[in-house]
Amino acid sequence: MASSPSSPDSSKGEKRKSKRLSCVSATKSERRSVAVEPIKVGERVCFGGKSWALGTVRFHGTTKFAEGMWYGVELDRKNGKNNGSVDNVSYFECPEAHGLFCKEDKIQRAERTMQAEIAALKEENESLKEQVGDSLAKLTEMQVESNISQDQLKTNREVEALKEEKQSLQNRVEDVMTKLTGLQSEKHALEEQLTSNTEAKALQVEKQSLQDQVQDVTAKLTEVQAEKHTLQEQLTGQIEAEA
């Protein structure tokens, strides 16, 4: 009767999923190959390798609802299934929907999981860089395929307008790259702060901010792609008008 927290509604690329799973797997493998102290009541942990499922161990022992040893965790967020009680038997106390029960293999110490999250974010940043590069390559391809030349434009003003639009697109791409660099710096700072367990909640807030910024970068990349499409349509319209 293991409990599972409710997952936030967020979409992630296959590459990031693969990286996150491999990081968590490595953590579990490390725990098997090295003698690690059992997780104790009062320690900070996360459920299922997800940093958004952070909590504190409040119970460890046998229960009436199932055989074996169980951990009772009080989650920081309202992602749980109970308040520390199951079938009217109280094992620990916490706010409603903040408690869950699970086996030891479902939780990890919070510090290791945050390191896995940082590694996954680094991988996602590399993926975003590749997407930006692909977008620029596609733009060049479209320009070549459309056989756009200055001879096809009627006036120097039209030529200058096209150059300005292209420069604007390049500036936007540079902004995206700058933000990616900033994200890497922030993640480095976050990694250094992980050495102190007392700063775990503050790290969680900063982690969420990083995810929001990555989503902003993705949104800006979508805007850049939309602008490229609009530019292509304008150029096609000008060519057809001249024809």
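**Strands, cores and side-chain pairs**

User: How many of the 7 residues of strand 3 are buried?
Analyst: Strands (E, at least two residues) and helices (H or I, at least four) are DSSP runs numbered from the N terminus. Buried means under 20% relative accessible area and exposed over 50%, with partly exposed in between (1.4 Å probe, protein chains only). Strand 3 is mostly covered, and the number of buried residues among its 7 is 6.

User: At which pLDDT do side-chain atom pairs count in this predicted model?
Analyst: Residues are numbered from 1 along each chain as its sequence is written, and side-chain values use heavy atoms, with hydrogens and water left out. The model is predicted: totals for chains, interfaces and linings use all residues, local features need pLDDT of at least 70, and side-chain atom pairs count only at pLDDT 80 or more.

User: In which order do the strands of the open sheet lie, and by what angle are neighbours turned on average?
Analyst: Two strands pair if DSSP finds at least two bridges between them, and strand axes are lines fitted to C-alpha atoms (for helices, over the stretch in contact), with angles from 0 to 180 degrees between N-to-C directions. The open sheet has 5 strands with antiparallel pairing, in the order 6-3-2-1-7. Strand 6 (99-102) and strand 7 are its edges, since each pairs on one side only.

User: Which residue stands opposite histidine 60?
Analyst: Strand 2 and strand 3 run antiparallel and are joined by 7 bridges. In their hairpin, which has 6 residues between the strands, glycine 68 takes a positive phi near 90°. Across the pairing, the residue in strand 3 that stands opposite histidine 60 is tyrosine 71.

User: Which residue of strand 6 is the bridge partner of valine 73?
Analyst: Strand 3 also pairs with strand 6, in the antiparallel sense, over 4 bridges. The bridge partner of valine 73 in strand 6 is leucine 100.

User: Which residue in strand 7 is the bridge partner of cysteine 46?
Analyst: Strand 1 and strand 7 run antiparallel, with 3 bridges between them. The partner of cysteine 46 in strand 7 is glutamine 108.

User: How far apart in sequence are the parts tied together by glutamate 43 and arginine 109?
Analyst: A salt bridge requires a side-chain nitrogen of Lys or Arg within 4 Å of a carboxyl oxygen of Asp or Glu. The search of the whole structure finds 3 of them, and the one between glutamate 43 and arginine 109 has an N to O distance of 2.7 Å. Because glutamate 43 lies in the loop between helix 1 (14-33) and strand 1 (44-47) while arginine 109 lies in strand 7 (residues 107-109), the separation of the parts tied together is 66 residues.

User: What is the relative accessible area of glutamate 74?
Analyst: Glutamate 74 forms a salt bridge with arginine 58, the closest N and O atoms being 2.8 Å apart. Arginine 58 counts as partly exposed at 39% relative accessibility. Glutamate 74 is buried, and its relative accessible area is 18%.

User: How many residues does the second, separate core have?
Analyst: A nonpolar core is a set of buried Ala, Val, Leu, Ile, Met, Phe, Trp, Tyr and Cys residues joined through side-chain atoms within 4.5 Å. The largest has 13 residues, and Leu128, Val132 and Val176 are among those with the most contacts inside it. Helix 2, helix 3 (156-193) and helix 4 (200-242) each supply at least two of its residues. The second, separate core includes Val45, Ala53, Val57 and Tyr71, and its residue count is 11.

User: What is the angle between the planes of phenylalanine 65 and tyrosine 91?
Analyst: Rings of Phe, Tyr and Trp (its six-membered ring) pair if their centres lie within 6.5 Å, and planes under 30 degrees apart count as stacked, over 60 as edge-to-face and the rest as tilted. The structure holds 7 aromatic pairs; one of them is phenylalanine 65 with tryptophan 70, edge-to-face at 5.2 Å centre to centre and 65° between the planes. Phenylalanine 65 and tyrosine 91 are also edge-to-face, with 5.9 Å centre to centre and a plane angle of 90°.
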